[in-house]
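Dear colleague,

Please find below the structure for your records. A summary of the findings follows it, arranged by chain and then by the contacts between chains.

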Amino acid sequence: MAATLPPPRLLPSGDSAITVEFSRKIDDAANRRVLALDRALTAEPITGVIETVPTYRSLLVHYDPVQIGFKELGERILALAQLPVPAMTKTRHWRIPVVYGGEHGIDLEDVAKTLNTTPEEIVARHIAGDYRVAMIGFTPGWSYLSGLADSLHMPRRQNPRLLTPAGTISIGGVQTGVQCLAGPSGWHLLGRTAVRTYQLHRDPIFLLEPGDNVTFTPVDAKTFAEQDRAAEAGEFIAEQIAP
Amino acid sequence: MNKLVVASIGPASSVQDGGRPGAQRYGLVPSGAMDRLALAAANTLVGNEPFTAAVEVGPFGAKFTARGGAVRVALTGAPRNADIAGRAVAPDTSATIADGETLTLGFARGGAFSYLAIEGGISGEPMFGSLAVNARAGLGSPYPRPLQTGDELPAKAASGAAERRIELPAATDAPIRIVWGPQDDEFTDETKRLFVDSEWKISATSDRMGYRLEGPTLKHLHGHNIVSDGTVDGSLQVPGNGQPIVLMPDRGTSGGYPKIATVISADLGRLAQIPAGRAFRFRAVSMAEAQAEARKFAELLRTLPERLRAIESVDLNIDALHDANVAGHAVSAVDAGTWHAVSLADVAGPD
């Protein structure tokens, strides 16, 4: 018999959802198990499950209590969650263009000062990273990426901004992110991308999936402006470089 | 083409239906009606499927004028004065607005949201199978935003069917039931007892994203930041100030504050209808009880057509209206006017 993994905690989120918690921390191994369970539930749907929401450390499973109860669903999830995590095959890899600094990344200079280096070095560290979409949440298309270099970790702002621009690329804590819609944020703004991770009347409406790989590539402000117009017209702008 | 023209409307009124589940993994919240039973009852009164799109009318008054022909409607949810060209419209009844006539709705009394269903539904272009307004995501049809004066809602010609009333279970002031979790272990047993033993009030700074609660301060065991995880309608988040926020249908899909408890699904509509400033309590129930209540609630929704009744006389109509006004907890225009929008950052936490 194959060795089983430690069981996740099953936390009730009301009578119609279960939080399947693999870790309390941001934890890469836990995120891989979250994504594996998510895929397992897609591959072998359980009657009554409505949708699943992967996050860094847990999978939220929404279900219809008329069709399946907490106990039975919990047992079936536990069985799936303890199977070995299969290797990620055919992972999509996206290259996302970013205009760094200046009016597009108003915190770049301050981040460099805080980390005792130059803005150029911050950009170099950020584009050197291989990131994975750990979760998408908060607002449509807001993609949280894991894999940020230790040398870019810094606490979030004391005072979150109430409005940050659409397409903002930012860092906060041990994470970096691609924000689609304008909205509040307590992260440090490094730049902007023309890529819309959420755009109505485009196929697909959502560009990134949890589990996708992402790298960033720098562009100048003029290119960003051109890409922004093309993106508005429905182009992806993000380049899919694998599989 | 028959239509209902919005002749006047306050904020917090929008087209809502059963919502659009299925894309929360992309950060898109389902939205949908704050009080699903009231939505389903209104639709049932005019022969629609229960979760057909209808107008969710906020605490303020509103006026709707029929143009291009008669439009048949039904009104449920928060009790309020209502009349068509001076003819009273009782709560939980259908009525027909003749071409050129205006339906006038007063301020909500003893609730927050009313539902105005239109026979044949509202014509629009569904996105992800729903017309529900989610202004932040640019979704909703015919208008991807709350309703404004001058908006037009395309409708079917009134069928001329006999008007109906619907007999709903009596309103109750019983405590709002919760199940503990998912993060009740971030609080001491003493804090949990304080939560269920105290009176709470809904703050005027509340909206479709979240209801802020006012009451005793709930202390965290390990601080107020957790790594973000998924949220549901009814999640009771406790931010840094210790004053819980109940997440409502326009919530963020993930949040970084500990969630001490979750309102059971059968009581969400009842919570949504508690007016700002009125005291209420929570009661913890077992998962078995919560799920039994969810099944009972589903059965109630399924059997709504069996609760339709003929309207026997005009007297009954007036009595029903009178009862509602007397029984309702008065909410003055000033109270309703204190409603403020919640900041997304406050509701969803630091992530």
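A residue is called buried here if 20 or more other C-beta atoms lie within 10 Å of its own, exposed if 12 or fewer, and partly exposed in between. By that criterion, buried residues make up 47% of the 243 residues in chain A. Please bear in mind throughout that this is a predicted model.

Chain A

Chain A contains five helices and 14 strands. Its radius of gyration is 19 Å, close to the 18 Å that the globule rule gives for 243 residues, so chain A is as compact as a globular protein of that length. The C-alpha trace of chain A spans about 55 × 40 × 35 Å along its principal axes. Among the contacts in chain A with a separation of 6 or more, 63% are accounted for by residues 24 or more positions apart.

Chain A is divided into two domains, with domain 1 covering residues 9-81 and domain 2 covering residues 93-242. The centres of domain 1 and domain 2 of chain A, taken over C-alpha atoms, are separated by 28 Å. Where these domains meet, eight residues of domain 1 of chain A are in contact with seven residues of domain 2 of chain A. Helix H1 (residues 28-43) of chain A provides the largest share of the domain 1 side, namely four residues. By class, that side of domain 1 of chain A has four nonpolar, two polar and two charged residues.

Chain B

In chain B, domain 1 is made up of two segments, 3-166 and 309-337, while domain 2 covers residues 176-295. The C-alpha centres of domain 1 and domain 2 of chain B lie 28 Å apart. Here 22 residues of domain 1 of chain B are in contact with 15 residues of domain 2 of chain B. H1(B) gives the most to the domain 1 side of this contact in chain B, with three residues. The residues on that side of domain 1 of chain B divide into 10 nonpolar, nine polar and three charged.

The UniProt record, an unreviewed entry, carries the annotation "domain: Carboxyltransferase" for residues 25-301 of chain B. In the model, the end C-alpha atoms of residues 25-301 of chain B lie 28 Å apart, and the span is 14% helix and 27% strand.

The contact between the chains

How many residues of chain A are in contact with chain B? There are 44 residues of chain A in contact with 40 residues of chain B. On the chain A side, at least two residues each are supplied by strand E1 (9-12), strand E2 (17-21), strand E3 (49-54), strand E4 (58-63), strand E6 (131-136) and strand E11 (183-185). E3(A) contributes the largest share of the chain A side, five residues. By class, the chain A side has 25 nonpolar, 13 polar and six charged residues.

In soluble globular proteins, nonpolar side chains tend to be buried together. The largest nonpolar core in this model has 132 residues, of which Ala42(B), Ala54(B), Val73(B), Leu116(B), Ala117(B), Ile118(B) and Val246(B) touch the most other members. Helix H1 (residues 36-45) of chain B gives the largest share of this core, seven residues. Leaving aside neighbours within four places in sequence, Ile118(B) is in contact with Leu4(B), Val46(B), Ala54(B), Val71(B), Val73(B), Leu153(B) and Ala155(B). A second, separate core of 22 residues includes Leu10(A), Leu35(A), Leu37(A) and Leu73(A).

Two individual residues

Ala137(B) lies in the loop between strand E10 (114-118) and strand E11 (152-154) of chain B. Is Ala137(B) buried or exposed? It counts as buried, because it has 24 C-beta neighbours inside 10 Å. Leaving aside neighbours within four places in sequence, Ala137(B) is in contact with Pro140(A) and Leu28(B). The C-alpha atoms of Ala137(B) and Phe113(B), 24 residues apart along the chain, are separated by 22 Å.

Thr188(B) is placed in the loop between strand E13 (176-180) and helix H2 (189-197) of chain B. With 14 other C-beta atoms within 10 Å, Thr188(B) is partly exposed. Thr188(B) and Leu218(B) are 30 residues apart in sequence, and their C-alpha atoms are 9.6 Å apart in space.

Yours sincerely

Notes: Residues are numbered from 1 along each chain as its sequence is written. Chains are lettered from A and ligands numbered from 1 in the order in which they are written. This is a predicted model: local features need pLDDT of at least 70, side-chain atom pairs count only at pLDDT 80 or more; totals for chains, interfaces and linings use all residues. Domain bounds come from an automatic or database domain assignment. Two residues are in contact if their C-beta atoms, placed from the backbone, lie within 7 Å. Ala, Val, Leu, Ile, Met, Phe, Trp, Tyr, Cys and Pro count as nonpolar, Asp, Glu, Lys and Arg as charged, and the others, Gly among them, as polar. UniProt positions are given in the numbering used here, feature names are shortened, and annotations may be inferred rather than shown by experiment. A nonpolar core is a set of buried Ala, Val, Leu, Ile, Met, Phe, Trp, Tyr and Cys residues joined through C-beta atoms within 7 Å. The radius of gyration is taken over C-alpha atoms; the globule rule is 2.2 Å times the number of residues to the power 0.38.
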